[in-house]
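Please look over the sequence and the model shown here before reading the report.

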Amino acid sequence: MEYIRPNHLYSRILDNIPWKSADPSVKGDPRKSVKWIDGLRGIASVLVILTHLARGWDYNLFSPRDDFDLPPRFLQWPVFRIPWQGRLGVTIFAFLTGYVCALKPLKQRRNGDLLGAFTSVGKSAFRRPPRLIFPATIALIISWVMAQCGAFVAANRSDCWWCRYAAVDLMPTLWEEFIRLFKTFLEVWTTGYMAYDDHQWALLPLLNASMLIYVLICAVMFVKFRFRLVIYLGLYLYFHQNPAKTTETFQMQAVYGMFLSDLSYENGFKEFVERHRWGRKIVAITLLCTGLFVCSYPGEHPEWSTWSSYMEKASHYIFPPEVNVGRRYSALGVDLIIFAIYISPSTKEFLSSRLFLWFGKQSFAVYLVHGTLLRTVLCWMLYGITGQPWEGAPVDEKGNPLYGDDGKPLEPHWIPIRAPWVVAISIPCWVVLVYFCAYLWTGYVDPFCARMTQKLEKWVFEEDEKAPDSLPLTSIPMATV
């Protein structure tokens, strides 16, 4: 007789704790799915938070040492510096965009369902903008309302230069603020600039990357797999030699994601990897170690350490001139690390644990809310809510600013950060708050945005017509193709 577990409160809690491993015997076994992608997304969201904390209150972590004649700190060593110096989180998001957007259409194409593949591309390309724009706009409005209530005052008066840079200054009148709110909404999706939360700068490039993948899917729909690989390689190398800003972060990663998504359906490759177990492990470990070292390239002052100085010199031969070398190395390192994960079933299973899946589920919400919470709640914890006592920039008797010996206006007396024990308590509490807010966002705001997108889709889409299974290719309307 089958045992039925009682539905007690404690049993429901145990079944839903995020760090409990998923049961491999049930449907949706992580080892037989792509759940590791969600786990990787969760790691990316954590990296985004850590790098912004370091940028605000320990910017020296972006350098290989505090000064050229000082020994490096532990967190400035290669590999150990990766979580703090940034660049990896958004790069991983771009890879995941390419991987996920291509997954379903490529599967349908391999099953011979060409009409279904084109339909998936068409519907996904339509849904993608509102699924990004709706939640981002809600986050913008929340940040705007908080700004009108003076929530950014403490950040604007703090001794954290990055908080002052990223915290918005209010316009003289509320009407001007309404005008700037509308302009900011347009700028987010035209130039990527966001006055109230500059972390939304990556949303426009991510949207463009997804559209690149949809166009590429249509372009290679009738191409054989081996020639699709040639196209992926050609596009990857094309974007590699392109010195345009953030090309390595978005376009290269999106194409790389589509390549691995396509490769995941290739039985010959999977059988080859399974046959060479030890060879796979050696390659995976080598790629992982190399990728971690490459990602360690410092964003500031690489000449201060021997290892980063050699990497800086090598970059002149690897990358095109006048590019952001730090972003280039990060993109290359992330690609090596991801391929090491890709060929390692045990690592995929580890990333598919319930803890990583929980973090991955909250990742987009974390990206949207953490910036505003950092410059409001965290700054309140570290500097006080009122931003008082406050002394503005020194002025003379006539109210004109005073200048220093360097010819620059004297800065105000910024509010100093509180005691170290306050910082040690505040930052973990703030991180918990961020994920709690992200949990609520995922539970309420995301479903609302999904319903809005669905209603928009029903409103503008034509009624689906059932086509015969034997529909010839020549009968597909050109508008669909």
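The report covers the origin of the model, its annotated spans and its salt bridges.

## Origin of the model

This is a predicted model, in which local features need pLDDT of at least 70, side-chain atom pairs count only at pLDDT 80 or more, and totals for chains, interfaces and linings use all residues. Residues are numbered from 1 along each chain as its sequence is written, and side-chain values use heavy atoms, with hydrogens and water left out.

## Annotated spans

An unreviewed UniProt entry carries the annotation "transmembrane region" for several spans, among them residues 84–102 and 201–223. UniProt positions follow the numbering used here, feature names are shortened, and annotations may be inferred rather than shown by experiment.

Residues 84–102 are 89% helix and 0% strand, with end C-alpha atoms 31 Å apart. For residues 201–223 the figures are 74% helix and 0% strand, with 35 Å between the end C-alpha atoms. Helices (H or I, at least four residues) and strands (E, at least two) are DSSP runs, numbered from the N terminus.

## Salt bridges

The structure holds 11 salt bridges (a side-chain nitrogen of Lys or Arg within 4 Å of a carboxyl oxygen of Asp or Glu). In one of them, the closest N and O atoms of Asp-38 and Arg-41 are 2.4 Å apart. These residues are three apart in helix α2 (residues 35–57), so about one helical turn separates them. Asp-38 is partly exposed at 29% relative accessible area, while Arg-41 is buried at 18% (buried is under 20%, exposed over 50%, partly exposed in between, with a 1.4 Å probe and protein chains only).

Arg-375 and Asp-197 also form a salt bridge, with closest N and O atoms 2.9 Å apart. This pair links distant parts of the chain, 178 residues apart: Arg-375 lies in helix α18 (residues 363–383), and Asp-197 in the loop between α8 (174–188) and α9 (203–219). Both Arg-375 and Asp-197 are buried.
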